[in-house]
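Thanks for coming, everyone. Please take a moment with the sequence and the structure before I start talking.

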Amino acid sequence: QQQTVGCTDGALDYLDTLLDWAHSYGLSVLLDVHTQKDSQNGFDNSGQSMGFQWTSGLSTYPRDLTTFQHWPIRSANWMGEFDPHQINYTSINHDNIKHSLKVIKGIVDRYHDHPSLLGVEPVNEPWELTPLKLLKKFYWDAYLIVKSKAPYWKFIIHDSFRFNVETWGGFMKG
């Protein structure tokens, strides 16, 4: 917990300012909740500062390129404890899921009447091993929170890297 102290200081005030600027210039803003507690995908863009390997020494082209990889060693514990050997979740962390829904409620409560806010994506890029039934329930719960106070907002979901109609066809229909 100590590693994140200070990294978001003033962020909410800056978001207020950004939304006001957007309004003054006639722009719309879509908020993307880009990270979840304990990471929704194990990527560096989900708040992970560890869990990657520098591969710069392996790069030969372009010369002196600084790169890293996270695919083979990532883990995402937002929805629970993931066992990389069994490739499944050994437990579900309902507190993390509730925390994420509380964040969505906070966003809606604060910004539901802001004229520049177009909508929200409640979780950015949940990984392909996220328990689908729980992810869909999370989306429904977040949707109901958003639409209860901001019925005109767009509600965006990510496909969790599952690119098929069988998974998402008809989901949230009507």
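**Starting from a strand**

Let me begin with one residue. Leu 30 is found in strand β1. One caution before going on: this is a predicted model. Is Leu 30 buried or exposed, or something in between? Its relative accessibility is 41%, so Leu 30 counts as partly exposed.

What does Leu 30 touch, leaving aside residues up to four places away in sequence? The list is Gly 119, Val 120, Glu 121 and Ile 156. Now look further along the chain. Lys 154 is 124 residues from Leu 30 in sequence, yet the two C-alpha atoms are 8.2 Å apart in space.

Take the pairings in turn. Between β1 and β6 there are 4 bridges, in the parallel sense. Leu 31 stands opposite Val 120 in β6. Val 120 has Phe 155 of β7. So much for Val 120: it faces Leu 31 on one pairing and Phe 155 on the other.

How enclosed is β6? Of its 5 residues, 4 are buried, so β6 is largely enclosed by the rest of the structure.

Ser 116 lies in the loop between α2 and β6. At 1% relative accessibility, Ser 116 counts as buried. Leaving out residues up to four places away in sequence, Ser 116 touches Leu 19, Ala 22, His 23, Leu 27, Ser 28 and Val 29.

Now the helices. Two packed helices are described by the angle between their axes and the distance between the axes. For α2, residues 94-111, and α3, residues 132-149, the axes come within 9 Å and cross at roughly 20 degrees. Angles under 35 degrees count as roughly parallel. So α2 and α3 are roughly parallel to each other. The crossing of α2 past α3 is right-handed.

Which residues meet? From α2 we have Ile 97, Ser 100, Leu 101, Ile 104, Lys 105, Val 108 and Asp 109. From α3 come Phe 138, Asp 141, Ala 142, Ile 145, Val 146 and Lys 149. By class, that contact has 8 nonpolar, 1 polar and 4 charged residues.

Ser 100 sits in helix α2. At 3% relative accessibility, Ser 100 counts as buried. Its contacts, not counting residues up to four places away in sequence, are Gln 36, Trp 78 and Phe 138. Phe 138 belongs to the α3 side of the helix contact.

Lys 105 is also placed in α2.

**A hairpin**

One more piece. Strands β4, residues 80-83, and β5, residues 88-92, run antiparallel and are joined by 4 bridges. Phe 82 has Tyr 89 in β5 as its bridge partner. The hairpin has 4 residues between the strands, and Ile 87 takes a positive phi near 55 degrees there.

**The whole chain**

Let me finish with the overall picture. The protein has 4 helices and 7 strands. In sequence order, the pattern reads α-β-β-β-β-β-α-β-α-β-α. The protein has 174 residues, and buried residues make up 33% of them. Finally, the contacts. Among those between residues at least 6 apart in sequence, 66% join residues at least 24 apart. Leu 30 and Lys 154, where I came in, are 124 residues apart in sequence.

Terms used. Residues are numbered from 1 along each chain as its sequence is written. This is a predicted model: local features need pLDDT of at least 70, side-chain atom pairs count only at pLDDT 80 or more; totals for chains, interfaces and linings use all residues. Side-chain values use heavy atoms; hydrogens and water are left out. Axes are lines fitted to C-alpha atoms, for helices over the stretch in contact, and angles run from 0 to 180 degrees between N-to-C directions. Helices (H or I, at least four residues) and strands (E, at least two) are DSSP runs, numbered from the N terminus. Angles under 35 degrees count as roughly parallel, over 145 as roughly antiparallel, 65 to 115 as roughly perpendicular and the rest as oblique. A crossing is left-handed if the near helix is turned anticlockwise from the far one by less than a right angle, and right-handed if clockwise. Contact means heavy atoms within 4.5 Å. Ala, Val, Leu, Ile, Met, Phe, Trp, Tyr, Cys and Pro count as nonpolar, Asp, Glu, Lys and Arg as charged, and the others, Gly among them, as polar. Buried means under 20% relative accessible area, exposed over 50%, partly exposed in between (1.4 Å probe, protein chains only). Two strands pair if DSSP finds at least two bridges between them.
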